[in-house]
Amino acid sequence: MPDNIIDIESLDMDARGVGHLHNEDGTPGKVIFVEGALPGERVSFVTFKKKKNWEAARMTELHRESSMRVKPRCVHYDICGGCSMQHLEPSAQVAIKQRVLEDSLWHIGKVKSEHMMRPLYGPTWGYRYRARLSVRHVKKKDTVLVGFHEKKSAFVADMGSCQILPPHVSKMLLPLRELIGSLSIFEQMPQIELAVGENVTAMVLRIMAPLTPDDEVKLKAFAEQWTIQWWLQVKGPETAVPYYPLEPQLHYLLPEFGVKMPFKPVDFTQVNHHINRVLVVKALRLLDVQPEDRVADLFCGLGNFTLPLATRGRAVVGIEGSTTLTERALENARANGLSDKTSFSTRNLFEVTVEDLIALDKFDRMLIDPPRDGAHALCLALAGLRQARPDLLPKRIVYVSCSPATLARDAGILTLEAGYTLSKAGVVNMFPHTSHVESMAVFDLN
């Protein structure tokens, strides 16, 4: 077999096909990661990055096609870096993500879940209610581009539509390009932050120069025509303020708990509101909070889990590293009539100690929802608590993760050092057509 043809054995965490060149004796040799290739396929490839033990390559020809391969819906898929798995049938995408989770748990954490839960699904298209769109003026084309970056590039993709953005936002992309190109500061607007709520679509313009009166007229007319709300951001995210119109306020709903969550377009909220509802319901069902329970919600953010938890338990303590966020979470609790059962405090959970956990006293249940870095220090502190005050350990922990690798690392600590069993684990398909893996795990005290 010529060196530029390879059989694909699996997919890696970046949705690249994985195959091996073979040594002269027939044993597997160098690993080749091939973009665009799927397991079971035979492809030709061209290498664009070469290391001693592996190469990164692009598929140039497909000789044997996988039954999982589908035609990408998006016409910009080959160029745009917003998606990486549209060529793979959606249910197969989820199966591969589940495999990534299982492999990570075993190879990194040296732990297996007693039960793998069925994946949580949501809408496959039009689901992305949050996005950061780059803006670039391309002199050679004499046009302004608005969209995601090209694959592995700093260039902005020339896209006139997007299948993962809500349809009304996709329809707006070309008119938005025309609008930005007509403004006086079109070369001083590097990005647009998109946030879609229940009743308003907000767009935050990152502006590096003041608007002219003519710019303001154009922005207001666009807002009226397309029913959006402009925000302006002159420096960091904390400088973002509503511009036009000032009302209504962004919010999303968690109807199963009677909760309305106000938020700002620069706040961290889940990209996929539909699956977020499913995620919150599932997490609370797994946590199995009883009316007498005192619950901890760590990395609580604006209270996405805290407020629903307050409708179930005796008391909920939300902890986050930002005072701004904990203050906002308290405001949301008050707005939902839940301030009597919630309290919030600001702590750096990346440096939490055993003494900190002892000072917080006994929690019956704990929910952990960290960023990609995971909850390493917290899990080590829980392991230390097992030695110092085992009576203070929560009897059940639900861990919501956006990184299988850090979840696996932390699962190893919780099971091997803190005295927990990994009872259940499963993926949450928060980001269809991307390689991003959201997951959830349940830990029960032995």
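Tutor: Start with one pair. This is a predicted model. In it, the side chains of R328 and D267 meet in a salt bridge, with 2.3 Å from N to O.

Student: Which parts of the chain does the pair of R328 and D267 tie together?

Tutor: R328 lies in helix 7 (residues 323–335), and D267 lies in the loop between strand 14 (259–262) and helix 5. These parts are 61 residues apart in sequence, so the pair ties them together.

Student: Is R328 buried or exposed?

Tutor: Read the relative accessibility. Buried means under 20%. R328 has 13%, so R328 counts as buried. D267 has 8%, so D267 counts as buried too.

Student: What is the general idea behind such pairs?

Tutor: Side chains of opposite charge can pair when their charged atoms come close. Now take another case here. R365 and D293 form a salt bridge through their side chains, at 3.2 Å from N to O. This pair links distant parts of the chain, 72 residues apart. R365 sits in strand 18 (residues 365–368), while D293 sits in the loop between helix 5 and strand 15 (294–298). R365 is buried at 7% relative accessibility. D293 is buried at 2%.

Student: What is the relative accessible area of R409?

Tutor: It is 28%, so R409 is partly exposed. R409 forms a salt bridge with D410, and their closest N and O atoms are 2.9 Å apart. D410 has 0% relative accessibility, so D410 counts as buried.

Student: How many salt bridges does the count come to?

Tutor: The count comes to 19 salt bridges. Some join into a network: D7, R42 and R64 are linked this way.

Student: How many bridges pair strand 1 and strand 4?

Tutor: They pair over 3 bridges, in the antiparallel sense. Strand 1 covers residues 5–11 and strand 4 covers residues 42–50. I6 stands opposite V43 in strand 4.

Student: Why is strand 10 said to be largely enclosed?

Tutor: Count its buried residues. In strand 10 (residues 201–206), 6 of the 6 are buried, so the rest of the structure largely encloses it. Check both faces. T201, M203 and L205 are buried on one side, and A202, V204 and R206 on the other.

Student: Which strands pair with strand 10?

Tutor: Strand 9 (residues 191–196) pairs with strand 10 in the antiparallel sense over 5 bridges. A hairpin of 4 residues joins the two. Strand 10 and strand 11 (residues 228–233) run parallel, joined by 6 bridges. From strand 10, the chain crosses through helix 4 (residues 213–226) to strand 11 in a right-handed β-α-β crossover. I192 stands opposite L205, and L232 is the bridge partner of L205 in strand 11.

Student: Which residues have the most contacts inside the largest nonpolar core?

Tutor: They are L205, W230, F305, V398 and M440, in a core of 86 residues. Helix 5 (residues 273–287) gives the largest share, 8 residues. A second, separate core has 43 residues, including A296, L393, Y420 and A425.

Student: What does F305 touch?

Tutor: Leave out residues up to four places away in sequence. F305 then touches L279, V280, A283, L284, D297, L367, D369 and V400.

Note on methods. Residues numbered from 1 in each chain as written. Predicted model: local features only at pLDDT ≥ 70, side-chain atom pairs only at ≥ 80, totals over all residues. Heavy atoms only, no water. Pairing = 2+ DSSP bridges. Core = buried A, V, L, I, M, F, W, Y, C linked by side-chain atoms within 4.5 Å. Buried < 20%, exposed > 50% of the residue type's maximum accessible area, 1.4 Å probe, protein only. Contact = heavy atoms within 4.5 Å. Right-handed = clockwise from strand over helix to strand, strands pointing away. Salt bridge = Lys/Arg side-chain N within 4 Å of Asp/Glu carboxyl O.
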